[in-house]
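Trainee: Could you go through this model with me, slowly, as if I had never read one before?
Mentor: Gladly; have a look at it here, and then ask whatever comes to mind.

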Amino acid sequence: MARQMKSSRMTYSILPLVNYLVWISMRNVLSPFGDENVSSGKSLKKGWPTLGERAWANNLSVERSRIGTWFAALSLSTLVVILYAPVLGSLARQWWSDPNYGHGFFVPLFAGYVLWSARDQQSAQPSRPNNFGFAIMLFAIGLRILGMLGAELFVARLSLVILISGIVLFLAGRQALRSVAFPIGYLLFMIPLPAIVYYQLTLPLQLWASRLGATGLVALGIHTVREGNLLFLPNCTLNVVEACSGIRSLLSLLAVAVAYGYLAEQSTWKRAVLAIASIPVAIATNGLRLVATGVLSYFFGPNMDSGVVHVALGLGFFALAFVSILLIHKILGLHLRQQNSAEVYR
């Protein structure tokens, strides 16, 4: 019985190595060099191949290479889904239960859309597998194991993005990885921040929001006293808690601004400007949301700070933030047009 258990353990430990060796052998068989060797052997027996025979051999080589690449990609994708099933499940649960990361459902869908829309360009690129991608895959799996042992979800989730990059490099090469760098990098928006980073951000955001809220209420003539993240109004007290810090709208708006910039703009620096501008826009609109909450609480009572009104204010000011991003993009376009027209008249 002990021998059987030992042999089964050895079998399970050798299986990954066997799979890798099988894949390497498939790549050698399906690569164009294998067809060239066959054709060279035929040429020794029958003489030099004709132009039609060479074209047919090249087409057959490319077709075999594509079939091998797709088969390997499907096999590796299946293994990734099995290996990362717990990680993906925990991600989906956090997206559903944590309002700060509700945009996580949108991120992989958008990345998939970008890949699908550029499928013709990607399929036309030559496939040049790079074995360095296998080292990246091993590194990512190592991070996955470390994250599992150390109960560090961020490391385990980050390893998924690294593993996808390694698979693309291993199967298709650097040029293919460069062409899909944006959708792979965009997947980082679906990963929640580490707890230590999250709480380092929320506290200053709470203080900035409370300052903006108090300044706006005083400017509207409502007597307001601020102590930390508490706003004392004549008839109620507003507590700028963690959920009101604006971290939710900041993360969501940043993801939306990057996606919009990629779709609507070709210039890299304009995309960067839109992404960077989303940060102060999110902070400013969150401060305006607190001002609106304070005004409603002052005139209609403290119940305005909860329930449907609270949700409606959040959605309304997030829409205002996105409109602000559209306006910034429009201003950038008008400024460049004026510069171009001025250069023409010179």
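What follows is a talk about the helices, the sheet and a few single residues.

Trainee: Before we start, what kind of model is this and how are the residues numbered?
Mentor: This is a predicted model, in which local features need pLDDT of at least 70 and side-chain atom pairs count only at pLDDT 80 or more, while totals for chains, interfaces and linings use all residues. Residues are numbered from 1 along each chain as its sequence is written, and side-chain values use heavy atoms, with hydrogens and water left out.

Trainee: How many helices and strands does the chain have?
Mentor: The chain has 14 helices and three strands. Both are DSSP runs numbered from the N terminus, where a helix is H or I with at least four residues and a strand is E with at least two.

Trainee: And what share of the chain is buried?
Mentor: Of the 346 residues in the chain, 35% are buried. Buried means under 20% relative accessible area, exposed means over 50%, and partly exposed lies in between, with a 1.4 Å probe and protein chains only.

Trainee: What about contacts between residues 24 or more positions apart?
Mentor: Such pairs account for 74% of the contacts in the chain with a separation of 6 or more, where contact means heavy atoms within 4.5 Å.

Trainee: Let's take the helices; how do helix 11 and helix 13 cross?
Mentor: Helix 11 (residues 195–219) and helix 13 (residues 268–300) have axes that come within 8 Å and cross at roughly 50 degrees. The axes are lines fitted to C-alpha atoms, for helices over the stretch in contact, and the angles run from 0 to 180 degrees between N-to-C directions. Helix 11 and helix 13 are therefore oblique to each other, since under 35 degrees counts as roughly parallel, over 145 as roughly antiparallel, 65 to 115 as roughly perpendicular and the rest as oblique.

Trainee: Which residues make that contact, and of what class are they?
Mentor: On helix 11 they include Trp208, Ala209 and Gly213, and on helix 13 they include Asn286, Gly287 and Val291. By class, the contact of helix 11 with helix 13 has ten nonpolar, six polar and no charged residues. Here Ala, Val, Leu, Ile, Met, Phe, Trp, Tyr, Cys and Pro count as nonpolar, Asp, Glu, Lys and Arg as charged, and the others, Gly among them, as polar.

Trainee: Is Asn286 buried or exposed?
Mentor: Asn286, which is found in helix 13, has a relative accessible area of 5% and is therefore buried. Leaving aside its neighbours within four places in sequence, Asn286 is in contact with Ala209, Cys244, Ser245 and Gly246.

Trainee: And Ala214, where is that?
Mentor: Ala214 lies in helix 11 and is buried, with a relative accessible area of 10%.

Trainee: How does helix 12 lie against helix 13?
Mentor: The axes of helix 12 (residues 247–264) and helix 13 come within 9 Å and cross at roughly 160 degrees, which makes helix 12 roughly antiparallel to helix 13. Among the residues that meet there are Ala257, Tyr260 and Gly261 in helix 12 and Leu274 and Ala275 in helix 13. By class, this contact has twelve nonpolar, three polar and one charged residues.

Trainee: What does Leu274 touch?
Mentor: Leaving aside its neighbours within four places in sequence, Leu274 is in contact with Ala257, Tyr260, Gly261, Ile325, Ile328, His329 and Leu332. Leu274 is buried, with a relative accessible area of 0%, and its C-alpha atom is separated by 6.6 Å from that of Ile325, 51 residues apart along the chain.

Trainee: Changing topic, in what order do the strands form the sheet?
Mentor: The three strands form an open sheet in the order 1-2-3, with antiparallel pairing; two strands pair if DSSP finds at least two bridges between them. Strand 1 (225–227) and strand 3 (237–239) stand at the edges, each with a single partner strand, so one side of each is left without a neighbour in the sheet.

Trainee: How many bridges join strand 1 to strand 2?
Mentor: Three bridges join strand 1 to strand 2 (residues 230–232), and Val225 stands opposite Phe232 in strand 2.
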